[in-house]
Amino acid sequence: MGALIMTVDDSASIRQMVGFTLRNAGYEVVEARDGKDAVSRLSGPIKMVITDLNMPNMDGIELIRQIRATAAYKFIPIIMLTTESQAARKQEGKAAGATGWIVKPFQPEQLLAVVKKVLG
Amino acid sequence: MREHTALAREVLERLGHVGSGLGRLVQQREDDFLALGEELQDVARRVQEIAADSRTLHRLASGDTVRHILEELMAELNAMQALCRVDEDAADLAMLARARELVQQLAKSIREYARVVRTLQMLGISTRIESARLGSDGRGFSSLADDVEKLGYKIVEYSDRIMQQAGALDALAKTAEASTREMHGMQSECSYAAFSSIHHSMGTLHAMAEDSRKTSDEVSGHTADIAASVGRIIGSLQFHDIVRQQVEHVEAALADARAGIERAPQEGRALAEELAVTTDLCALQQAQLENARTRFSAAVSSLRSELAAIADGVRGVRQRTGGFSGASGPGAGGGATAALDHMQRSVAQIAANMLSLAEQGERMGHIMAEVAEMVAQMSAFLGDIEDIGDEIELIALNASIRAAHTGEKGKALGVLASSIQRLSQDAGDSTAAVATLLREVDGVAGQLKAYATAYLDTSRVSEISGELEGLTRGLREVNGEAARLFSGVGAACDELAARVDSVVQGLCFDAQVSAGLSDAAATLGDMAAMLREHVPEAARLAASRRLAGVRARYTMEQERTLHTRVLGGAGAASRANGHDHGDNVELF
């Protein structure tokens, strides 16, 4: 059984594609609609988070901060998956504790290569 | 130049018209994208199932199961050929020929006795005449004459019995020879048929293995192409979110423009500046909407072509798997299922031949046993013949003694005694020849008995026949499984390709989105052109500074690039440093 990965995005179609890609590769997936929803679902053996940046209720940067503030998930890899490509926002994400940054659209093999790499 | 207040009213009205529902235009298509995503997942899952079944099918036809069955079959056939070659060098036929030759020689030797019998009869008559002539002196010779006559009858009797037996034996040996020849023919035919069949099957297996290897490669190629198409579709489906955001940014920019105009005084420089900002903003958002339309259309167009490619890939798998049966329908024609059918029939035929051969062998064994028994009975005559030799010798000795007792009067009887003695010599030679032949016949009987035993031993044949039946059953199972998979793969491919075709045909929502974006872009373009005519150049220069701030609100590189292209200014692209993972990936 593959590692449990949380995917956070306000777009249902993006959650669907990320989930499909990961499940097809043998991972287990838990989905959240935004940062707030993600924080409420943050429990159990989640090994990694893939999150969008711009979301209602709570954005990706704040979500990263809250995850890093939770002892159990302090060191799990967090990848930003967003249309945002500005260097300043990336720096902001990096400063908050993001592990990496993928600009949409992603290719499945690309996403899986990143997941494999960060999960070791 | 029109009055700015009236112009502002028209701009507000038209911006309101363009802006309302612009975001929903893309957003409301989310269900279509989600449905497509569901469809894609199901298609991908079914393609994987089809590919797995197709691989199993080809592995089944050329893999370990069939190879194992063929190896077993080869071993059984080798064993069967060994059984078929019970008398590989036709020694049984040679032995039967030798038996018939001995019978003929025996008949010849027995015919020699006829001369002995005639002489004995003459000697008997002469002895009786001479005995009568001598009167009381020759009284004892009448019993000698009786002995000679009795011996003659005995030889005739024995000779008749031997000749009768020899005739029967010759007839039986002739029948046995014919049956043996027939059986050798069957053995040879059975052996040839079996090996020709197995060679054919082995050749077919190798051809199938080679064909299946190529097929597996091609099926893998098709499934890899399908997987690549699925990957590209996953990329394209994300454009709903990407384009939605881009259009929402346009909607927000237009709302800001409206708010700016609404906030400005009804006339004067401030309104002119707002209208100037709106002029460039309209031109900029026209470019953004056209870009959004192009990207959305390209994404949906890619969905269509990649889905069509998936349908083609599925048809490719179908076509390649169709080659498995070598014909249009399941289980028909040549190809692997037909080859398995052929092998199954061949093995069943070989098993039937084996049983038929065993029955023939059993009958042959009985005939051989009968021949052997008859030959053995003939060797029993050996004692009788040897008795005759001994008796002649005794009679000759008796005649000599009686002639000596009779003295001068018995001289003539002495001559008879000498003749009986010579006859004894000749009879002894004939008896020895017959005895030699009978001894040889006895040896032949032993050999024929051994052949009969071998023919009658059908236990191994039954064993092999049972094993062949097991192999036939194994092939039937493999064939049944292959036919089931073939039928399943074919039906699944047909159904899936038709379903994907139907999805492609129904994929037309982009036309409405494209038309909506195009209309909005055209309206914004018209407004920009209209505003350029009525807004002073000085006001537009002042506005350009404010527009620089709009750039900072974009999230996508594409939006920034367009901004730079339409309004000018610095726009260094931000590139990721993903290297191994692509330009859009950066690991910190």
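Predicted model: local features only at pLDDT ≥ 70, side-chain atom pairs only at ≥ 80, totals over all residues.
Residues are numbered from 1 along each chain as its sequence is written, chains are lettered from A and ligands numbered from 1 in the order in which they are written, and side-chain values use heavy atoms, leaving out hydrogens and water.

Let's start inside. In soluble globular proteins, nonpolar side chains tend to be buried together. A nonpolar core here is a set of buried Ala, Val, Leu, Ile, Met, Phe, Trp, Tyr and Cys residues joined through side-chain atoms within 4.5 Å. Buried means under 20% relative accessible area, exposed means over 50%, and partly exposed is in between, with a 1.4 Å probe and protein chains only. The largest core has 94 residues, and those touching the most other members are A:Leu22, A:Ile50, B:Leu40, B:Leu275, B:Leu289, B:Leu307 and B:Ile310. Helix α8 of chain B, residues 269-325, gives this core its largest share, 20 residues. Helices are DSSP runs of H or I with at least four residues, strands are runs of E with at least two, and both are numbered from the N terminus. There is also a second, separate core of 55 residues, with B:Leu96 and B:Tyr113 among them.

What does B:Leu40 touch? Leaving aside residues up to four places away in sequence, its contacts (heavy atoms within 4.5 Å) are A:Met17, A:Phe20, B:Val230, B:Ile233, B:Ile234, B:Leu237 and B:Ile310.

Now the rings. Over all chains there are 3 aromatic pairs. Rings of Phe, Tyr and Trp (its six-membered ring) pair if their centres lie within 6.5 Å; planes under 30 degrees apart are stacked, over 60 edge-to-face, and the rest tilted. B:Phe33 and B:Phe509 have ring centres 5.4 Å apart and planes at 55°, so this pair is tilted. B:Phe33 sits in helix α3 and B:Phe509 in helix α13 of chain B, 476 residues apart. B:Phe33 is buried at 1% relative accessible area, and B:Phe509 is buried at 10%. Together with B:Phe296, these two form one aromatic cluster.

On to charges. The structure holds 37 salt bridges over all chains, each being a side-chain nitrogen of Lys or Arg within 4 Å of a carboxyl oxygen of Asp or Glu. B:Asp42 and B:Arg499 form one, with their closest N and O atoms 2.6 Å apart. B:Asp42 belongs to helix α3 and B:Arg499 to helix α12 of chain B, 457 residues apart.

Finally, where the chains meet. A:Gln16, A:Phe20 and A:Thr83 supply 19% of what chain A buries against chain B. Between the chains there are 3 salt bridges. B:Arg560 and A:Glu84 also meet in a salt bridge, at 3.9 Å from N to O.

Note on methods: Buried area = accessible area lost by both parts, 1.4 Å probe.
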